[in-house]
Amino acid sequence: MFCSVLVFLWLVAVFVLSRPVFMLYTGALGQGAEAFDFFDVMLHGLPHDLCVASAICLPLWIAGLVVLLCRLRRSGRALPLQWRRCGFLVLRIYVVAVAMVVALVLVTDAALYPFWDIKLDSTVLAYLDSPRGAVNSVSWIFCSLYFVAVLVVALSVLVPLLRIARRCSGIAGTQTFSPSGAGYRLGFSLLWGVALCLMLRGVERLWASPAEDAPISVATVYYSPRQVFNHAAVNPLFSFFTSVADRTRGISPDTFMPDAEAARIFSRMGYNTESVISSSDSLLLPGCRQVVLIVMEGCGGTLIGNLCGKWHDITPCLDSLCLQAVNFEQCYANSFRTDRGLVSIISGYPAFPDVSVMRHADRCSRLPGLGRSMADAGFSTDFLYGGDRDFTRMADYLRQMGYSHVWGDADFTESERSTHQWGVTDGITFDRLLQLSTAPIPEGRRGRFLTFLTLSSHEPWEVPYSRMRRRGKIANSFAYLDHCLSDYLQRLRRSPLWDETLVVLVADHGIAWPDAISELNPSRYHIPLLWTGGAVRAPRRIPQCCNQSDLAATLLGQLGISHAEYPFSRDVLSRTYVYPSAQHAWAEGFCMVDSTGHSVVDIHTQRTVSSVTLQPCDTLAASRREHAAKAFLQTAYRHFEER
């Protein structure tokens, strides 16, 4: 019984001491942390530590209680030798497993936080199907240091646990006690079990129904207006395993408001309406036969001086297109990851904080898709990507969306596949895109629809280019993307198909650059949406706020193709576009941006954590945005659950 007590105390000590290490590694000191902040973080995170340690020690308590009852039946005599050996072996296996899990979670949480700015959760499981994707994001030095750190932490946790196990096994199995002392032992055991259960109440979240409030949640330890301190207080084992339990559950549609109220608010937002376009709002010339949709990896608006960036020399091609093309100036990404962004672009579907729609093949089959819509209208459809097309089940999703051919790294030579850690570098894939977009349109087809996802502007930011090295690897990788794009457009202009071609440029998600922009700042997900090509009637600035998910209806509306099956996509040029707005979701919250400002809601506390209203005299604007954001997300979850 004392074994579970000692293991509990040691695990709590490990969790408490891991927080200063997390803060030092992730740069909280650089954000103004002082000495007392370390103590605040450790103190406020204690409920999580007690809960997780209790969950780990509960099996030990049960085993200890069984041993005690067996010895009571033997009048306090020692257990048989074979029983003791078997029990000690099981105990050693258990503590080794605990030490490995604790080390993996603690180290992985600290390692990923600088990249993701969120605590470890079930999002990481998306990489298990294709571990290559996770490894491609970092250097081999980083991977080596990661495994060394896991080993060191595992040994640091394991050695004391093995000593505790060895000592307690000997005491529990061989030390005799008189019947008069049995009552004290049993009483202490029961009291300790009650204490564990009380501290364990937060784990009710694992089996509570969605409508029930668990006594302890991730938000329980939130205490500071500075999110980095709240994140440091969260125990990563708690956040990971509770998010895994919630992974398929999502948020209850009843969480925010009654369904009738959500439906009433959502109906006023103008979704899934037909296109009513005047001649002055037609962006394209007659005879558009080719559409090239280029999805630029991570190309946030902060990189583009003429959008919302600080510099004009990083992406000169995109900067010039902001003035010389159709520029949707206030376009925002629906989510923070590529797999979610692609679904928003291709299916016109919203993003969720805790669900990757692309990974649910059974539900994806019932979603609309640009590939299918264009194919039904007589266009050939191809998707090009220089990386692993099966990563996050992307190829399966794309085929269900109507793409007849999905090109991946396997369609390139072995030498080309080694030009970037993610696969084929953008310079080579843009060449392949040029071949596809300048070839004759297949006979019997009305036109051609090509979609291309770039990859070089991604961690580890290694590209065969050096013009912007002085600004750092990130800026240089996007300068390389811009260079490849400029070269592609210049060569495409010389093609006979240029006058019949529309090139659509959009990012899959934004970027936290250059100032580590948090998700509370809309600049983090402000992205470019540009239309260029010989089929574009004239340059134009479109100032209305919109989402990347609105691209599907807007594109189809301009081509005269129905978009009635896209319930969460709106034609920005249509007269039915009555509520210009954008929604953004990430693992810890969601945001609503409209003409009055923006509001950010924390998913754990369901409270507004950031709100900016452009007209302070409009005192109801923030409340309207918050209700619209919650109604939208609730409606989207309901729709997803019914798929």
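This is a predicted model: local features need pLDDT of at least 70, side-chain atom pairs count only at pLDDT 80 or more; totals for chains, interfaces and linings use all residues.

1. Helix α11 (residues 316–324) packs against helix α17 (residues 473–493) with an angle of about 60° and an axis separation of 7 Å. The two helices are therefore oblique to each other. On the α11 side the contact is made by Pro-316, Cys-317, Leu-318 and Leu-321, and on the α17 side by Asp-482, Leu-485, Ser-486 and Leu-489. Sorted by class, this contact holds six nonpolar residues, one polar and one charged.

2. The largest nonpolar core has 194 residues, of which Ile-294, Phe-328, Ile-346 and Trp-531 touch the most other members. Leaving aside residues up to four places away in sequence, Phe-328 is in contact with Leu-283, Leu-529, Trp-531, Ile-542, Cys-546, Thr-554, Val-572 and Leu-573. Another core, of six residues, lies apart from the largest one; among its members are Ala-103, Val-107, Ala-111 and Val-150.

3. Strand β10 (residues 581–586) has six of its six residues buried, so the strand is largely enclosed by the rest of the structure. Ser-581, Gln-583 and Ala-585 point to one side, while Ala-582, His-584 and Trp-586 point the other way. In a regular strand, side chains alternate between the two faces of the sheet.

4. β10 runs antiparallel to strand β11 (residues 589–594), and six bridges join the two. Trp-586 has Gly-589 of β11 as its bridge partner.

Terms used. Residues are numbered from 1 along each chain as its sequence is written. Side-chain values use heavy atoms; hydrogens and water are left out. Axes are lines fitted to C-alpha atoms, for helices over the stretch in contact, and angles run from 0 to 180 degrees between N-to-C directions. Helices (H or I, at least four residues) and strands (E, at least two) are DSSP runs, numbered from the N terminus. Angles under 35 degrees count as roughly parallel, over 145 as roughly antiparallel, 65 to 115 as roughly perpendicular and the rest as oblique. Contact means heavy atoms within 4.5 Å. Ala, Val, Leu, Ile, Met, Phe, Trp, Tyr, Cys and Pro count as nonpolar, Asp, Glu, Lys and Arg as charged, and the others, Gly among them, as polar. A nonpolar core is a set of buried Ala, Val, Leu, Ile, Met, Phe, Trp, Tyr and Cys residues joined through side-chain atoms within 4.5 Å. Buried means under 20% relative accessible area, exposed over 50%, partly exposed in between (1.4 Å probe, protein chains only). Two strands pair if DSSP finds at least two bridges between them.
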